[in-house]
Amino acid sequence: MNYSPLEILLDTTYLLPILGVDIPGIGEVLEAVEKLHEQDKAILFYSPFSLLEAIGKIAKMPHDVDRVRDGLSAIIESGVFRMALPSLDGYVGALIGRAKGFRDLIDLLLYMTARDNGIRLLTRDEELIEFIESMGEDTGVFLSEEELKSMR
């Protein structure tokens, strides 16, 4: 029986270590992601919005420009990750979500990107999940760390 690989959009939190930023407690999750990818059980996606958010965070802290460059190359040019964008309706949906009170436009764009492309969003952002649920939107898009680790 053939299984389709799980398509996963990584939230910014999971891209930051690739760019040289230490995120406590994330190593095991990244190992699980890497293992699934190596076994052809997962296709990994990134959003340019996450890269924008990551660069904004990195700019506010001490950083190694060469490490950031190498990380960006690994994300954008290595072939490990594919880029994903929201649909036109996804952009508008993110604006609507912002108007309804959710403050993080990038997170809304990531949700819309995953939803529009039929992929799962790996995120730790409980506030986003609760907001999407309160709006009656599809929370099946979200992938928890626990669910991911159980797939190894």
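Let's start with the sheet: five strands form an open sheet in the order β3-β2-β1-β4-β5, and the pairing is parallel. Strands here are DSSP E runs of at least two residues, helices are H or I runs of at least four, and both are numbered from the N terminus. Two strands count as paired if DSSP finds at least two bridges between them. At the edges sit β3 and β5 (142-143), each pairing on one side only.

Before I go on, a word on where this comes from. This is a predicted model, in which local features need pLDDT of at least 70, side-chain atom pairs count only at pLDDT 80 or more, and totals for chains, interfaces and linings use all residues. Residues are numbered from 1 along each chain as its sequence is written, and side-chain values use heavy atoms, with hydrogens and water left out.

Now, back to the strands. β1 and β2 run parallel and are joined by four bridges; there, I8 has L44 of β2 as its bridge partner. On to β3 (residues 81-83): three bridges tie this strand to β2, again parallel, and F45 is partnered with R82. Over at β5, two bridges connect this strand with β4 (residues 120-122), in parallel, and L121 stands opposite F142.

How covered is β2? Five of its five residues are buried, where buried means under 20% relative accessible area, exposed means over 50%, and partly exposed lies in between (1.4 Å probe, protein chains only). Both faces are covered, with A42, L44 and Y46 on one side and I43 and F45 on the other.

That brings us to the cores. A nonpolar core is a set of buried Ala, Val, Leu, Ile, Met, Phe, Trp, Tyr and Cys residues joined through side-chain atoms within 4.5 Å. The largest one has 27 residues, and those with the most contacts inside it are I8, L10, L15, I75, F81, L122 and L148. At least two core residues each come from β1 (6-10), α1 (12-15), α2 (27-38), β2 (42-46), α3 (48-58) and α4 (65-76). Which element gives the largest share? That is α2, with four residues. There is also a second, separate core of 22 residues, including L108, L110, I129 and F131.

Let me zoom in on L122. Leaving out residues up to four places away in sequence, L122 touches a list of residues including I8, L10, V33, E145 and L148, contact meaning heavy atoms within 4.5 Å.

For contrast, take P24, in the loop between α1 and α2. P24 counts as exposed because its relative accessible area is 65%. P24 and L6 are 18 residues apart in sequence and 25 Å apart in space, C-alpha to C-alpha.

Last stop, a pair of helices. The axes of α6 (residues 105-117) and α7 (residues 126-134) come within 11 Å and cross at roughly 65°; axes are lines fitted to C-alpha atoms, for helices over the stretch in contact, with angles from 0 to 180 degrees between N-to-C directions. Who meets whom? D107, L108 and Y111 in α6 meet L128, F131 and I132 in α7.
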